[in-house]
Amino acid sequence: MKKYLIGLVIISGLMFFLISNDSDSNESNSYKNALRPNPIQLAEFALGDDDPILMVNLLKFKDKAEYEDGRATNLTGREAYEIYVTETREHLADVGAELILGGEVNGLLLGEVEELWDAFGVARYPSRKAMIAMARNPAYIESEKHRAAGLAGQLNIEVSEQGFGF
Amino acid sequence: MKVKNHSRPHKTQMDGFFEGDTETPIAMLNLLKFKEKAEYEDGRETDLTGKEAYSIYGQEVVKHLAKVGGKLVFGGRISRLMIGEVEDLWDSVAIAQYPSRKAMLEMLMDPDYQKSEEHREAGLEGQLNIEIKEGEL
(Lines give C-alpha, C1' and ligand atoms only; values in the text may rest on other atoms or scores of the structure.)
Protein backbone atom coordinates (compact mmCIF):
# COMPACT_ATOMS: atom_id res chain seq x y z
CA MET A 1 0.00 0.00 0.00
CA LYS A 2 2.78 2.37 0.98
CA LYS A 3 4.68 1.55 -2.21
CA TYR A 4 1.57 2.25 -4.23
CA LEU A 5 1.19 5.65 -2.61
CA ILE A 6 4.82 6.55 -3.26
CA GLY A 7 4.34 5.54 -6.90
CA LEU A 8 1.31 7.77 -7.13
CA VAL A 9 3.21 10.71 -5.70
CA ILE A 10 6.02 10.19 -8.22
CA ILE A 11 3.59 9.93 -11.13
CA SER A 12 1.67 13.03 -10.13
CA GLY A 13 5.00 14.82 -9.73
CA LEU A 14 5.92 13.84 -13.27
CA MET A 15 2.54 14.97 -14.57
CA PHE A 16 3.06 18.34 -12.96
CA PHE A 17 6.46 18.58 -14.56
CA LEU A 18 5.07 17.75 -17.99
CA ILE A 19 2.21 20.22 -17.72
CA SER A 20 4.39 23.04 -16.51
CA ASN A 21 6.97 22.29 -19.17
CA ASP A 22 4.86 23.96 -21.82
CA SER A 23 5.88 25.12 -25.27
CA ASP A 24 6.43 28.72 -24.17
CA SER A 25 9.40 27.84 -22.03
CA ASN A 26 12.89 27.73 -23.35
CA GLU A 27 15.52 25.31 -22.10
CA SER A 28 16.14 25.54 -18.42
CA ASN A 29 19.55 26.78 -17.47
CA SER A 30 21.31 26.66 -14.18
CA TYR A 31 22.26 29.45 -11.85
CA LYS A 32 24.15 29.72 -8.62
CA ASN A 33 23.84 32.34 -5.94
CA ALA A 34 27.13 33.28 -4.34
CA LEU A 35 28.28 35.40 -1.44
CA ARG A 36 31.22 37.15 -3.05
CA PRO A 37 32.61 37.77 -6.53
CA ASN A 38 35.13 35.30 -7.88
CA PRO A 39 38.56 36.63 -9.02
CA ILE A 40 37.52 36.75 -12.68
CA GLN A 41 34.41 38.74 -11.83
CA LEU A 42 36.50 41.17 -9.79
CA ALA A 43 39.01 41.62 -12.61
CA GLU A 44 36.30 42.22 -15.21
CA PHE A 45 34.62 44.68 -12.93
CA ALA A 46 37.82 46.66 -12.45
CA LEU A 47 38.45 46.78 -16.20
CA GLY A 48 35.05 48.22 -17.14
CA ASP A 49 34.34 51.79 -18.25
CA ASP A 50 33.62 54.56 -15.78
CA ASP A 51 29.98 55.33 -16.52
CA PRO A 52 27.30 55.18 -13.82
CA ILE A 53 26.23 51.63 -13.01
CA LEU A 54 23.23 50.01 -11.44
CA MET A 55 23.58 46.90 -9.34
CA VAL A 56 20.50 44.69 -9.11
CA ASN A 57 20.71 42.37 -6.11
CA LEU A 58 18.57 39.24 -5.79
CA LEU A 59 19.01 38.02 -2.25
CA LYS A 60 18.56 34.75 -0.43
CA PHE A 61 18.91 34.83 3.36
CA LYS A 62 20.09 32.20 5.81
CA ASP A 63 17.49 31.05 8.32
CA LYS A 64 19.77 31.99 11.18
CA ALA A 65 22.60 34.50 11.02
CA GLU A 66 26.11 33.07 11.28
CA TYR A 67 28.99 35.46 11.83
CA GLU A 68 32.33 34.55 10.35
CA ASP A 69 34.11 35.41 13.62
CA GLY A 70 31.95 32.80 15.39
CA ARG A 71 30.21 35.24 17.73
CA ALA A 72 26.94 34.04 19.33
CA THR A 73 23.77 35.58 17.90
CA ASN A 74 20.01 35.13 17.96
CA LEU A 75 19.47 37.13 14.78
CA THR A 76 17.82 35.65 11.71
CA GLY A 77 19.70 35.96 8.44
CA ARG A 78 17.32 38.67 7.33
CA GLU A 79 17.79 40.67 10.55
CA ALA A 80 21.57 40.56 10.18
CA TYR A 81 21.29 41.69 6.56
CA GLU A 82 18.99 44.55 7.59
CA ILE A 83 21.75 45.84 9.89
CA TYR A 84 24.04 45.82 6.86
CA VAL A 85 21.52 47.73 4.75
CA THR A 86 20.91 50.38 7.41
CA GLU A 87 24.63 50.99 7.82
CA THR A 88 25.36 50.79 4.11
CA ARG A 89 23.00 53.65 3.26
CA GLU A 90 25.64 55.94 4.77
CA HIS A 91 28.52 54.19 3.04
CA LEU A 92 26.70 54.61 -0.26
CA ALA A 93 26.05 58.29 0.39
CA ASP A 94 29.75 58.81 1.18
CA VAL A 95 30.65 57.90 -2.42
CA GLY A 96 27.65 59.58 -4.08
CA ALA A 97 25.72 56.33 -4.53
CA GLU A 98 22.24 55.42 -3.32
CA LEU A 99 19.77 52.62 -2.90
CA ILE A 100 17.05 53.44 -5.41
CA LEU A 101 14.67 50.54 -4.83
CA GLY A 102 14.30 47.62 -2.51
CA GLY A 103 11.80 45.21 -1.03
CA GLU A 104 10.42 41.73 -0.72
CA VAL A 105 10.15 39.19 -3.49
CA ASN A 106 6.48 38.10 -3.55
CA GLY A 107 6.54 35.55 -6.31
CA LEU A 108 7.13 34.84 -9.97
CA LEU A 109 4.55 35.71 -12.60
CA LEU A 110 6.71 34.48 -15.46
CA GLY A 111 9.39 31.81 -15.49
CA GLU A 112 10.59 29.36 -12.89
CA VAL A 113 13.42 29.25 -10.43
CA GLU A 114 14.22 26.29 -8.25
CA GLU A 115 14.54 28.39 -5.14
CA LEU A 116 12.99 31.84 -5.19
CA TRP A 117 14.97 34.77 -3.78
CA ASP A 118 13.69 36.47 -0.60
CA ALA A 119 14.37 40.11 -1.34
CA PHE A 120 15.90 42.49 -3.83
CA GLY A 121 17.62 45.83 -3.90
CA VAL A 122 18.93 48.15 -6.59
CA ALA A 123 21.84 50.48 -5.93
CA ARG A 124 23.08 53.19 -8.27
CA TYR A 125 26.74 54.18 -8.29
CA PRO A 126 28.09 57.24 -10.13
CA SER A 127 31.00 55.09 -11.33
CA ARG A 128 32.89 51.88 -10.81
CA LYS A 129 35.55 53.86 -8.93
CA ALA A 130 32.91 55.00 -6.43
CA MET A 131 31.91 51.41 -5.77
CA ILE A 132 35.51 50.34 -5.29
CA ALA A 133 36.08 53.27 -2.92
CA MET A 134 33.11 52.12 -0.84
CA ALA A 135 34.27 48.52 -0.78
CA ARG A 136 37.69 49.61 0.52
CA ASN A 137 36.34 51.86 3.27
CA PRO A 138 37.18 50.19 6.64
CA ALA A 139 33.76 51.24 8.00
CA TYR A 140 32.08 49.43 5.09
CA ILE A 141 34.21 46.34 5.66
CA GLU A 142 32.96 46.32 9.26
CA SER A 143 29.32 46.58 8.10
CA GLU A 144 29.87 43.85 5.53
CA LYS A 145 30.23 41.32 8.37
CA HIS A 146 26.47 41.55 8.86
CA ARG A 147 25.92 40.98 5.17
CA ALA A 148 28.04 37.83 5.18
CA ALA A 149 26.32 36.66 8.38
CA GLY A 150 22.83 37.00 6.95
CA LEU A 151 23.17 36.15 3.32
CA ALA A 152 23.00 32.58 2.02
CA GLY A 153 23.82 33.88 -1.46
CA GLN A 154 22.80 36.27 -4.17
CA LEU A 155 22.95 37.28 -7.77
CA ASN A 156 24.42 40.72 -8.31
CA ILE A 157 23.63 41.89 -11.81
CA GLU A 158 25.56 44.82 -13.26
CA VAL A 159 23.37 47.01 -15.46
CA SER A 160 24.29 49.94 -17.67
CA GLU A 161 21.59 52.60 -17.59
CA GLN A 162 22.74 54.06 -20.90
CA GLY A 163 19.76 54.93 -23.07
CA PHE A 164 17.22 52.91 -21.12
CA GLY A 165 18.64 50.08 -23.25
CA PHE A 166 15.93 47.50 -23.90
CA MET B 1 19.81 25.40 -9.23
CA LYS B 2 17.62 25.72 -12.27
CA VAL B 3 16.07 28.78 -13.80
CA LYS B 4 13.65 28.78 -16.73
CA ASN B 5 12.56 31.83 -18.68
CA HIS B 6 9.02 31.92 -20.03
CA SER B 7 7.11 34.38 -22.15
CA ARG B 8 3.66 33.62 -20.74
CA PRO B 9 2.50 32.75 -17.24
CA HIS B 10 1.26 29.30 -16.24
CA LYS B 11 -2.32 28.99 -15.20
CA THR B 12 -1.20 28.48 -11.58
CA GLN B 13 0.85 31.67 -11.77
CA MET B 14 -2.12 33.60 -13.16
CA ASP B 15 -4.44 32.18 -10.49
CA GLY B 16 -1.96 33.03 -7.77
CA PHE B 17 -1.76 36.56 -9.08
CA PHE B 18 -5.45 37.18 -8.43
CA GLU B 19 -5.45 35.66 -4.99
CA GLY B 20 -4.46 37.76 -2.03
CA ASP B 21 -3.70 41.44 -2.16
CA THR B 22 -4.74 43.00 -5.46
CA GLU B 23 -5.03 46.57 -4.16
CA THR B 24 -1.61 47.70 -2.96
CA PRO B 25 1.36 48.90 -5.02
CA ILE B 26 3.68 46.36 -6.61
CA ALA B 27 6.78 46.49 -8.74
CA MET B 28 7.65 44.01 -11.46
CA LEU B 29 11.28 43.17 -12.07
CA ASN B 30 11.76 41.85 -15.61
CA LEU B 31 14.87 39.88 -16.55
CA LEU B 32 14.72 39.66 -20.33
CA LYS B 33 16.29 37.38 -22.90
CA PHE B 34 15.80 38.37 -26.55
CA LYS B 35 15.65 36.30 -29.71
CA GLU B 36 18.45 36.97 -32.16
CA LYS B 37 15.98 37.80 -34.92
CA ALA B 38 12.41 38.98 -34.36
CA GLU B 39 9.68 36.54 -35.35
CA TYR B 40 6.12 37.82 -35.56
CA GLU B 41 3.30 35.41 -34.83
CA ASP B 42 1.43 36.53 -37.95
CA GLY B 43 4.44 35.48 -40.02
CA ARG B 44 5.17 38.95 -41.45
CA GLU B 45 8.60 39.62 -42.94
CA THR B 46 10.94 41.59 -40.71
CA ASP B 47 14.60 42.55 -40.52
CA LEU B 48 14.37 43.55 -36.88
CA THR B 49 16.46 41.88 -34.22
CA GLY B 50 14.61 40.52 -31.19
CA LYS B 51 15.90 43.42 -29.14
CA GLU B 52 14.66 45.98 -31.68
CA ALA B 53 11.19 44.43 -31.76
CA TYR B 54 11.08 44.44 -27.97
CA SER B 55 12.18 48.09 -27.94
CA ILE B 56 9.06 48.99 -29.93
CA TYR B 57 7.02 47.27 -27.23
CA GLY B 58 9.09 49.00 -24.54
CA GLN B 59 8.39 52.46 -25.95
CA GLU B 60 4.68 51.79 -26.40
CA VAL B 61 4.28 50.21 -22.99
CA VAL B 62 5.42 53.41 -21.29
CA LYS B 63 2.14 54.98 -22.48
CA HIS B 64 0.05 51.98 -21.48
CA LEU B 65 1.62 52.08 -18.03
CA ALA B 66 0.79 55.77 -17.65
CA LYS B 67 -2.89 55.07 -18.43
CA VAL B 68 -3.23 52.84 -15.36
CA GLY B 69 -1.03 54.98 -13.11
CA GLY B 70 2.08 52.83 -13.49
CA LYS B 71 5.55 53.75 -14.66
CA LEU B 72 8.85 52.32 -15.79
CA VAL B 73 11.32 52.98 -12.99
CA PHE B 74 14.36 52.02 -14.95
CA GLY B 75 15.62 49.75 -17.63
CA GLY B 76 19.04 48.93 -18.88
CA ARG B 77 21.38 46.56 -20.58
CA ILE B 78 22.90 43.82 -18.43
CA SER B 79 26.68 44.01 -18.64
CA ARG B 80 27.61 41.04 -16.53
CA LEU B 81 27.20 39.28 -13.24
CA MET B 82 29.30 40.56 -10.38
CA ILE B 83 28.21 37.85 -7.93
CA GLY B 84 26.72 34.44 -8.68
CA GLU B 85 26.50 32.50 -11.93
CA VAL B 86 23.84 32.07 -14.59
CA GLU B 87 24.38 29.67 -17.47
CA ASP B 88 22.62 31.87 -20.01
CA LEU B 89 22.69 35.46 -18.79
CA TRP B 90 19.70 37.71 -19.50
CA ASP B 91 20.17 40.65 -21.90
CA SER B 92 18.26 43.44 -20.17
CA VAL B 93 16.48 44.37 -17.02
CA ALA B 94 13.44 46.62 -16.52
CA ILE B 95 11.45 47.50 -13.43
CA ALA B 96 7.87 48.76 -13.66
CA GLN B 97 5.76 50.05 -10.79
CA TYR B 98 1.99 49.60 -10.67
CA PRO B 99 -0.44 51.12 -8.17
CA SER B 100 -1.89 47.59 -7.70
CA ARG B 101 -2.21 44.16 -9.30
CA LYS B 102 -5.63 45.32 -10.41
CA ALA B 103 -4.08 48.19 -12.38
CA MET B 104 -1.63 45.81 -14.02
CA LEU B 105 -4.49 43.55 -15.03
CA GLU B 106 -6.37 46.51 -16.43
CA MET B 107 -3.37 47.26 -18.64
CA LEU B 108 -3.06 43.65 -19.76
CA MET B 109 -6.74 43.63 -20.79
CA ASP B 110 -6.54 46.87 -22.76
CA PRO B 111 -6.82 46.12 -26.50
CA ASP B 112 -4.24 48.85 -27.24
CA TYR B 113 -1.80 47.10 -24.95
CA GLN B 114 -2.53 43.77 -26.55
CA LYS B 115 -1.70 45.29 -29.90
CA SER B 116 1.71 46.41 -28.61
CA GLU B 117 2.29 42.93 -27.23
CA GLU B 118 2.89 41.50 -30.70
CA HIS B 119 6.28 43.22 -30.63
CA ARG B 120 7.03 41.78 -27.21
CA GLU B 121 6.29 38.28 -28.39
CA ALA B 122 8.23 38.81 -31.61
CA GLY B 123 11.34 39.88 -29.76
CA LEU B 124 11.33 37.98 -26.50
CA GLU B 125 12.78 34.54 -26.14
CA GLY B 126 11.78 34.36 -22.50
CA GLN B 127 11.97 36.13 -19.18
CA LEU B 128 11.62 36.04 -15.45
CA ASN B 129 8.99 38.40 -14.13
CA ILE B 130 9.47 38.80 -10.41
CA GLU B 131 6.77 40.47 -8.33
CA ILE B 132 8.12 42.73 -5.69
CA LYS B 133 6.66 44.47 -2.72
CA GLU B 134 8.69 47.60 -2.24
CA GLY B 135 9.74 48.27 1.30
CA GLU B 136 12.55 49.13 3.59
CA LEU B 137 15.23 46.87 2.21
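**Chain B and its interface with chain A**

In chain B, K71(B) stands opposite Q97(B) in strand β5(B), where strands (E, at least two residues) and helices (H or I, at least four residues) are DSSP runs numbered from the N terminus. The model is predicted, so that local features need pLDDT of at least 70 and side-chain atom pairs count only at pLDDT 80 or more, whereas totals for chains, interfaces and linings use all residues. Residues are numbered from 1 along each chain as its sequence is written, chains are lettered from A in the order in which they are written, and side-chain values use heavy atoms, with hydrogens and water left out.

**Strand β5 of chain B**

- β3(B) and β5(B) pair in the antiparallel sense over 6 bridges, pairing being assigned if DSSP finds at least two bridges between two strands.
- β2(B) also pairs with β5(B) in the antiparallel sense, over 7 bridges, and N30(B) stands opposite A94(B) in β5(B).
- Because 7 of the 7 residues of β5(B) are buried, the strand is largely enclosed by the rest of the structure; buried means under 20% relative accessible area, exposed over 50%, and partly exposed in between (1.4 Å probe, protein chains only).
- Both faces of β5(B) are covered, with S92(B), A94(B), A96(B) and Y98(B) buried on one side and V93(B), I95(B) and Q97(B) buried on the other.

**Interface with chain A**

- Contact (heavy atoms within 4.5 Å) links 59 residues of chain B with 66 residues of chain A.
- The two chains bury about 5,900 Å² between them, 59% of it on carbon and sulfur atoms, where buried area is the accessible area (1.4 Å probe) that two parts lose on being put together, summed over both.
- There are 4 salt bridges between the chains, each a side-chain nitrogen of Lys or Arg within 4 Å of a carboxyl oxygen of Asp or Glu.
- One of them joins R80(B) to E44(A), with the closest N and O atoms 3.6 Å apart.
- β3(B) gives the most to the side of chain B that touches chain A, with 12 residues.
- Strand β3 (residues 98-110) of chain A runs antiparallel to β6(B) and is joined to it by 6 bridges, and L110(A) stands opposite N129(B) in β6(B).

**Residue D88(B)**

- D88(B) is found in the loop between β4 and β5 of chain B and counts as partly exposed, at 30% relative accessibility.
- Leaving aside its neighbours within four places in sequence, D88(B) is in contact with N29(A) and K33(B).
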